[in-house]
Amino acid sequence: MNFNHLKIYTGHSLTKSIININDLSGNLQKRGFNVISTVDQNNIFNSVEMYKSGLSKGLKPIIGSTLFIYNGENKYEMSFYVKNKQGYYNLNKLLTRAYI
C-alpha cells in the first residue's frame, strides 16, 4: 500500500486513544500497510513495544511524538519523527526539556 498513517495515538496518550500496539500492528499487516508509526503526546513510552511489534509483523517502525510548542500566548502542536539514531537522541532531548 502506498499510503501510511503517520499520526496514530496509542494508550500512552490517555486523552486521545486506547489503541493497543499489538492489535494495531496486526490490523495494519492484515490491511496491507508496510509502516507502523505512532506519535503519542509528549512521550515515546511505546517506542520499544511498537518497534518490536512492527518488525515481528514485517512493518517498518517509525518512532515519533507530538509536542506542544509555546510562543508567548500561542500554543502549537507539532509532530516530530525519528529518521535515524541521531534523530532519536534529538527527540529525547526535546522530550526531556519539555518535562523540565
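## A buried asparagine and its partner

N46 is buried, with a relative accessible area of 2%; buried means under 20% relative accessible area, exposed over 50%, and partly exposed in between (1.4 Å probe, protein chains only). The model is a predicted one, in which local features need pLDDT of at least 70, side-chain atom pairs count only at pLDDT 80 or more, and totals for chains, interfaces and linings use all residues. Residues are numbered from 1 along each chain as its sequence is written, and side-chain values use heavy atoms, with hydrogens and water left out. N46 sits in the loop between β1 and α2; helices (H or I, at least four residues) and strands (E, at least two) are DSSP runs, numbered from the N terminus. Leaving aside residues up to four places away in sequence, N46 touches T10, H12, I21, T38 and D40, where contact means heavy atoms within 4.5 Å.

The side chains of T38 and N46 make a polar contact of 3.0 Å. A polar contact is a pair of N or O atoms within 3.5 Å; within protein, one must be able to donate a hydrogen and the other to accept it, and residues adjacent in sequence count only if both atoms are side-chain atoms. With residues up to four places away in sequence not counted, the neighbours of T38 are I8, T10, I21, L24, N46, M50, I62, I63 and G64.

N42 lies in the loop between β1 and α2, as N46 does. The phi of N42 is near 55°, a positive value in a residue other than glycine. N42 is partly exposed, with a relative accessible area of 21%.

The buried residues of α1 include I21, L24, S25, G26 and L28. Their cover includes β1 and α2 (47–56). At the start of this helix, a side-chain oxygen of N20 comes to within 2.8 Å of the backbone nitrogen of N22. Just after α1, G32 takes a positive phi of about 90°.

The largest nonpolar core has 14 residues, and those with the most contacts inside it are L28 and I36. A nonpolar core is a set of buried Ala, Val, Leu, Ile, Met, Phe, Trp, Tyr and Cys residues joined through side-chain atoms within 4.5 Å. At least two residues of this core come from each of α1, β2 and α3 (85–99). The largest share, three residues, is supplied by α1. I36 touches L24, S25, L28, M50, G54, L59, K60, P61 and I62, residues up to four places away in sequence not being counted.

## The salt bridge

The structure holds one salt bridge, defined as a side-chain nitrogen of Lys or Arg within 4 Å of a carboxyl oxygen of Asp or Glu. K7 forms a salt bridge with E77, and the closest N and O atoms are 3.5 Å apart. K7 lies in the segment before α1 (21–30) and E77 in strand β3 (residues 74–81), so the pair ties together parts that are 70 residues apart in sequence. Both ends are partly exposed: K7 has a relative accessible area of 43%, and E77 is at 36%.

I69, Y76 and M78 make a nonpolar surface patch of about 260 Å². Patches are made of residues with over 30% relative accessible area and no salt bridge, with like charges joined within 9 Å and nonpolar side chains (Val, Leu, Ile, Met, Phe, Trp, Tyr) within 5 Å. Accessible areas come from the Shrake-Rupley method with a 1.4 Å probe, and for residues only the protein chains shown count as cover. I69 is in strand β2 (residues 60–71) and is partly exposed at 32% relative accessibility. K75, in strand β3, touches F68, I69 and Y70, not counting residues up to four places away in sequence. K75 is exposed, with a relative accessible area of 52%.

K93 is placed in helix α3 and counts as exposed at 57% relative accessibility. K93 and T15 are 78 residues apart in sequence, and their C-alpha atoms are 24 Å apart in space.
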